[in-house]
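Hi everyone, thanks for making time.

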Amino acid sequence: MPHLLKAFGPRLVVWFAISVIGCVLLARNELVQLREAFEIDARISHRLLSQRVVQHEAVLATLALLQPAAPDGSADLAEQRLSSVYPQILSVQRRDAGAAWLGTGLDEAEQASRQSRAAALANADFTSARGRYQLVLAAQPASYALLIDIHGTIPWNDWSMPVQTSPVRVTLEHAGQAFVVQAGRVAAGGWRFAFHKHLDSVSQPFEVVAIRQVGWQELPWLAMTLWAVAVAAALATWSAWQGQRSARRRAEALLRVGQVARLNTLGELAAGMAHELNQPLTAILANTQAAKRLLQEDPGELPTALQAMDQAVAQARRAAEVLGRLRRTVEQPARAAPGQTVDLAQVVRSALDLLEPECQGRGVTASVHIEQIALVLAERVALEQIVHNLITNALQALDAVPASERLLAIHIGAAKGMGVLRVVDTGSGIAPDTLPHVFEPFFTTREGGLGLGLSLCETLASGMGGHLSAQANVPRGAIFVLSLPLAPAP
């Protein structure tokens, strides 16, 4: 027996040490993976909830931006339709000047909103089964309040965790109240992961709290057992093939572990880069693809390719300008940007250059008819947005007809002191019962549409002293007419 202990004792010690180290590394790696999966799910939940609550602010800003209410009551109908578009919005309350709110706490919230120039929270109740709170935005001439269902705000279709079986507990907390989004399993013992972060909203500063309790039973016992068996087999082989060969095999095993760790790191780096580069690459994709096609031709059209790249840069700058203008409009709706003299024909040509890939993909050649040079007094970025939206809507309407029947004509002229732009298409057209509602907020006939494009275009046109109207084209299609004041003669 002493002889056996002397012969096998060091090997048993080595086997035990390597097995323990390997099991610790496997357990640690499992805990790291569980923590990473937990943090990814928690960040996804935080981002989804932030997007939803920011959406509430956008709805309030849109309602305030589209004031004053139309005489025919279309704005009231839009408010009533909000619940069908956004199921989490249970009701919309509007307080006109001189009227009183229906409910308590709204006056204080409106006063806070007026001071901060942003939406304000009121009557938050996280203790009920579904949870409720109100969001108030002070505006002129009327203020608005939304009654929001917290349970309905959760984007269950996009939720990354199985709600009934996930061990992660997720709650929304505010002012000592907690709304349980996902019950999870929280027990004593083991390792606890926690995530605390406020939603990206000033008006709805709810804190997302996620907790994950990892018990001993969740450790990779099978993998650790297999590891111990593998180490024992390796030591037995080392006993037969000498120490140098065994050392080399252990080095190769450690190298494989290092390669797996590096691959995991590279995977995380690639995922992060893909997430960060997704938005900028999408913005310039169309023009760079056009430039690539031009350079691949024989001979290559270098000047046209350079022009396409310039258009990509111009589109990125234009998007930044549009976002800046929208931000100024929402933050200071009463302060309009100064108008300038703009050539309607030049704006149309710029829009057609940007939409050239879309036209080519649909087999549509837009014809421009300049009946009279029209220099209008307008905000250039807003006018570019209106023209871009009208042409884009026409191209989408042409998808419903055969390629041989797709016609798009743009007429530019002037009449009665107004510059006139007419966008005529032979697409699917607008139904007679739909025509009176095309400019109403949240009204859309397109699947997946929000119904805000034409409404905002009409608002922009009205803000520049103009008018936007729609009519049916004979025998088929639609005509949109944009009228803007002519700029004074130099």
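Let's begin with a definition: two strands pair if DSSP finds at least two bridges between them. The helices (H or I, at least four residues) and strands (E, at least two) I'll mention are DSSP runs, numbered from the N terminus. Some housekeeping too: this is a predicted model, where local features need pLDDT of at least 70, side-chain atom pairs count only at pLDDT 80 or more, and totals for chains, interfaces and linings use all residues. Residues are numbered from 1 along each chain as its sequence is written, and side-chain values use heavy atoms, leaving out hydrogens and water.

Okay, strand β12. Across in β13, Met418 is the bridge partner of Ala415. β12 and β13, which is residues 418–425, pair in the antiparallel sense over eight bridges. The hairpin they make has two residues between the strands, and there Lys416 takes a positive phi near 55°. β12 also has β10, residues 366–370, running parallel to it, with five bridges joining them. Over there, Ala366 stands opposite Leu408 of β12. And is β12 enclosed or open? Six of its eight residues, 408–415, are buried, so β12 is largely enclosed by the rest of the structure. By buried I mean under 20% relative accessible area, with exposed over 50% and partly exposed in between, using a 1.4 Å probe and protein chains only.

Next, a sheet. Four strands form an open one, antiparallel, in the order β6-β5-β8-β7. β6 and β7 are at the edges with a single partner strand each, so one side of each has no neighbour in the sheet. On average, neighbouring strands here are turned by 20° against each other, direction ignored; the axes behind that are lines fitted to C-alpha atoms. Five bridges hold the antiparallel pairing of β5 and β6, and Val170 has Gln182 in β6 as its bridge partner.

Val170 turns up again in the largest nonpolar core. That core has 45 residues, and Trp159, Val170 and Leu172 touch the most other members. A nonpolar core, by the way, is a set of buried Ala, Val, Leu, Ile, Met, Phe, Trp, Tyr and Cys residues joined through side-chain atoms within 4.5 Å. Which element gives the largest share? α1, with 13 residues. Leu172 has contacts (heavy atoms within 4.5 Å) with Leu49, Phe126 and Phe179, among others, not counting residues up to four places away in sequence. Apart from this core lies another, of 41 residues, with Ala351 and Leu482 among them.

Now helix α3, residues 106–116. Its buried residues are Leu106, Ala109, Glu110 and Ser113. Looking down the axis of α3, they fall within an arc of 100°, so they line one face of the helix; the arc is taken from the directions from the helix axis to the C-beta atoms. Glu108 and Gln115, on the other side, are exposed. The cover over the buried residues includes β1, β2, β3 and β4.

Last stop: Glu57, in helix α1, residues 2–65. At 23% relative accessibility, Glu57 counts as partly exposed. Val202 is 145 residues away from Glu57 in sequence, but 9.7 Å away in space, C-alpha to C-alpha. Glu57 touches Val202, as well as Leu135 and Gln204, among others.

Notes
Axes are lines fitted to C-alpha atoms, for helices over the stretch in contact, and angles run from 0 to 180 degrees between N-to-C directions.
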